[in-house]
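This report is meant for a reader who is meeting the structure for the first time.

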Amino acid sequence: MIHAKKSLTLAEVKDIVDKLEDAEETKVYLKKFTKLSKKDALKLKEELAALGNLKMREEHLIKLVDILPRDTEDVNKIFSDTGLTEEETNAILEITKKY
């Protein structure tokens, strides 16, 4: 039964799945694609949320943390449904490049 629906970063999912016994394929996938520790992922998510950009929804924050975009093109792919200004994009990149 589903009690609640919440978006999670790959790092948060990895932390949960690591505690399961029968999830070897999922563990291999997460090990391959998770770029940050859970602590760093949550810290990055907080820093991005602190920008106060109203265009940034929870789903955008999660994808930014999971993908760690390095250029404008990567950021624009995440925000394909919303247009960001150059200033907003640069603010995001400035934060993600620290990780």
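## Threonine 34 and its surroundings

Leaving aside residues up to four places away in sequence, threonine 34 touches Leu10, Ala11 and Lys14. The model in which these contacts are found is a predicted one. Threonine 34 itself sits in the loop between helix H2, which covers 24-33, and H3, and with a relative accessible area of 16% threonine 34 counts as buried, since buried means under 20%.

The side chain of threonine 34 also reaches towards the backbone, where the oxygen of leucine 30 lies at 2.6 Å from it. Two of the residues that threonine 34 touches, Leu10 and Ala11, can be looked up again in helix H1, which spans residues 10-17.

## Helix H1 and the residue before it

Which residues of H1 are buried? In helix H1 the buried residues are Ala11, Glu12 and Val17, and what covers them includes H2 and H3.

Threonine 9 lies in the segment before H1 and is buried, with a relative accessible area of 1%. Not counting residues up to four places away in sequence, threonine 9 touches Ala41, Ile62, Val65 and Asp66.

## Helix H3 against helix H4

H3 packs with helix H4, residues 58-67, at an angle of about 130 degrees, and their axes are 10 Å apart. The two helices are therefore oblique to each other, and their crossing is right-handed. On the H3 side the contact is made by Ala41, Leu44, Lys45, Leu48 and Ala49, and on the H4 side by Glu58, Leu61, Ile62, Leu64 and Val65. Sorted by class, this contact of H3 with H4 has eight nonpolar, no polar and two charged residues.

## Helix H3 against helix H6

What is the direction of H3 relative to H6? The axes of helix H3, residues 38-49, and helix H6, residues 86-96, come within 10 Å and cross at roughly 155 degrees. Because angles over 145 degrees count as roughly antiparallel, H3 and H6 are roughly antiparallel to each other. H3 passes H6 in a right-handed crossing.

The residues that make this contact are Leu44, Glu47 and Leu48 of H3, together with Ile92, Ile95 and Thr96 of H6. By class, the contact of H3 with H6 has four nonpolar, one polar and one charged residues.

The buried residues of H4 are His60, Leu61, Ile62, Leu64, Val65 and Asp66, and they pack against H1, H3, H5 and H6.

H4 is followed by leucine 68, which has its place in the loop between H4 and helix H5, 72-78. The phi of leucine 68 is near 50 degrees, a positive value in a residue other than glycine. Is leucine 68 buried or exposed? At 7% relative accessibility, leucine 68 counts as buried.

## A partly exposed loop residue

Aspartate 18 is found in the loop between H1 and H2. With a relative accessible area of 43%, aspartate 18 is partly exposed. Aspartate 18 and lysine 97 are 79 residues apart in sequence, and their C-alpha atoms are 27 Å apart in space.

## The chain as a whole

How many helices and how many strands does the protein have? There are six helices and zero strands, and read along the sequence they follow the pattern α-α-α-α-α-α. Taken along the principal axes, the C-alpha atoms fill a box of roughly 45 × 30 × 20 Å.

Of the 99 residues in the protein, buried residues make up 34%. When contacts between residues at least 6 apart in sequence are considered, 53% of them join residues at least 24 apart.

Note on methods
Residues numbered from 1 in each chain as written. Predicted model: local features only at pLDDT ≥ 70, side-chain atom pairs only at ≥ 80, totals over all residues. Heavy atoms only, no water. Axes fitted to C-alpha atoms, helices over the stretch in contact; angles between N-to-C directions. Helix = DSSP H or I, 4+ residues; strand = E, 2+ residues; numbered from the N terminus. Parallel < 35°, antiparallel > 145°, perpendicular 65-115°, else oblique. Left-handed = near helix turned anticlockwise from the far one by under 90°. Contact = heavy atoms within 4.5 Å. Nonpolar A, V, L, I, M, F, W, Y, C, P; charged D, E, K, R; others polar. Buried < 20%, exposed > 50% of the residue type's maximum accessible area, 1.4 Å probe, protein only. Polar contact = N/O pair within 3.5 Å; in protein donor to acceptor, adjacent residues only side chain to side chain.
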